[in-house]
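Trainee: Could you walk me through reading a structure like this one? I would like the general idea behind each feature, then the case at hand.

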Amino acid sequence: MYLMESSSSLLLHNSYLSYLNPKFGNRPFLSFPLSRISRNRKPTRICSNKMYVPGFGEASPEAKAAKHLHDFFTYVAVRIVSAQLESYNPEAYMELREFLDTNSVSDGDKFCAALMRRSSRHMNLALRILEVRSAYCKNDFEWDNLMRLASKNVDRSNTKLMREYVLETSHVETDPDK
C-alpha cells in the first residue's frame, strides 16, 4: 500500500510505516523499511486533491456517469429519429415503434446492435440513430448546463433535507403565512 499526503508529492510504501501516532495528528511515523520494494511494482497514488471514492472497481464515478449518459444519448437519439420519421416516413416510424415495443433502450449499444441485425431497413434506422446520437452529444448537449443543474439540484436537495431535519428535531412551530 502506498500513501501520499495531498500537500506533498511524496509516495511512501507501507513498509516505511511502523504506526500512526496520534501525538503527530495521525501522520505516519517513519522508520526503516521492513521489506524491500519490488522493482516491478509501480507506485499508485491513493489520494489526490480530490475525494477518493471507494467501491467503483476499475471505473471512476465519472466513467460510470459517462456510461449512463451514453445510454441516455441513445434514448434521446431514438426520440429524435422517431419524431422525424413520424412526420415524413410513417412506415419506418411504425417499424421503429414495433421494435421499441420488444427491445429496451436501457443499454444503448445493445439496442442499436439488435436493430442493425433485424433487416436492411432496420440497419438504416440504426445508422441514423448512431449518427444523431453522436451529433447530439458533440454539438447539442449543453454540458455546462448539466454541471450547473446538477450542482443546483444537490444544493437544493441538501438544504431541503437539512431544513426538514432541523424542523423535525427542534419542535419549532412554523408560521403558515410565510
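Mentor: Happy to. Let us begin with contact, which means heavy atoms within 4.5 Å. With that rule, and not counting residues up to four places away in sequence, Asp-71 touches Val-105, Ser-106, Asp-107, Gly-108 and Asp-109. A word on the source: this is a predicted model, where local features need pLDDT of at least 70 and side-chain atom pairs count only at pLDDT 80 or more, while totals for chains, interfaces and linings use all residues. Residues are numbered from 1 along each chain as its sequence is written, and side-chain values use heavy atoms, with hydrogens and water left out.

Trainee: Is Asp-71 buried or exposed, and where is its place?

Mentor: Buried means under 20% relative accessible area, exposed over 50%, and partly exposed in between, using a 1.4 Å probe and protein chains only. Asp-71 has a relative accessible area of 11%, so it is buried. Its place is in helix 1. Over the protein, 20% of the 178 residues count as buried.

Trainee: How many helices and strands does the protein have?

Mentor: Helices (H or I, at least four residues) and strands (E, at least two) are DSSP runs, numbered from the N terminus. Here there are 5 helices and 4 strands, and from the N terminus on the order is β-β-β-β-α-α-α-α-α.

Trainee: What span should helix 2 have, and how far apart are its end C-alpha atoms?

Mentor: The expected span of a helix is 1.5 Å times one less than its number of residues. Helix 2 (residues 90–102) has 13 residues, so it should span 18 Å; its end C-alpha atoms are 19 Å apart, which agrees.

Trainee: Which residues of helix 2 are buried?

Mentor: Ala-92, Tyr-93, Glu-95, Leu-96, Phe-99 and Leu-100 are buried in helix 2. The buried residues of helix 2 fall within an arc of 160°, so they line one face of the helix. They pack against helix 1 (61–88), helix 3 (108–118) and helix 4 (120–140). On the other side of helix 2, Pro-90, Glu-91, Asp-101 and Thr-102 are exposed.

Trainee: What about helix 3: which of its residues are buried?

Mentor: In helix 3 the buried residues are Gly-108, Phe-111, Cys-112 and Leu-115. They cover an arc of only 95° around the axis, which puts them on the same side of helix 3. Helix 1, helix 2 and helix 4 are included in what covers them. The face turned away from this buried side carries the exposed residues Lys-110 and Arg-117. Arg-118, also found in helix 3, is partly exposed, with a relative accessible area of 45%. Leaving aside neighbours within four places in sequence, Arg-118 is in contact with Phe-99, Thr-102 and Asn-103.

Trainee: At what angle do helix 1 and helix 3 pack?

Mentor: Axes are lines fitted to C-alpha atoms, for helices over the stretch in contact, and angles run from 0 to 180 degrees between N-to-C directions. Helix 1 and helix 3 pack at about 45°, with their axes 8 Å apart. The contact is made by His-70, Asp-71, Thr-74 and Val-78 of helix 1 and Gly-108, Asp-109, Phe-111 and Cys-112 of helix 3.

Terms used:
The arc is that of the directions from the helix axis to the C-beta atoms.
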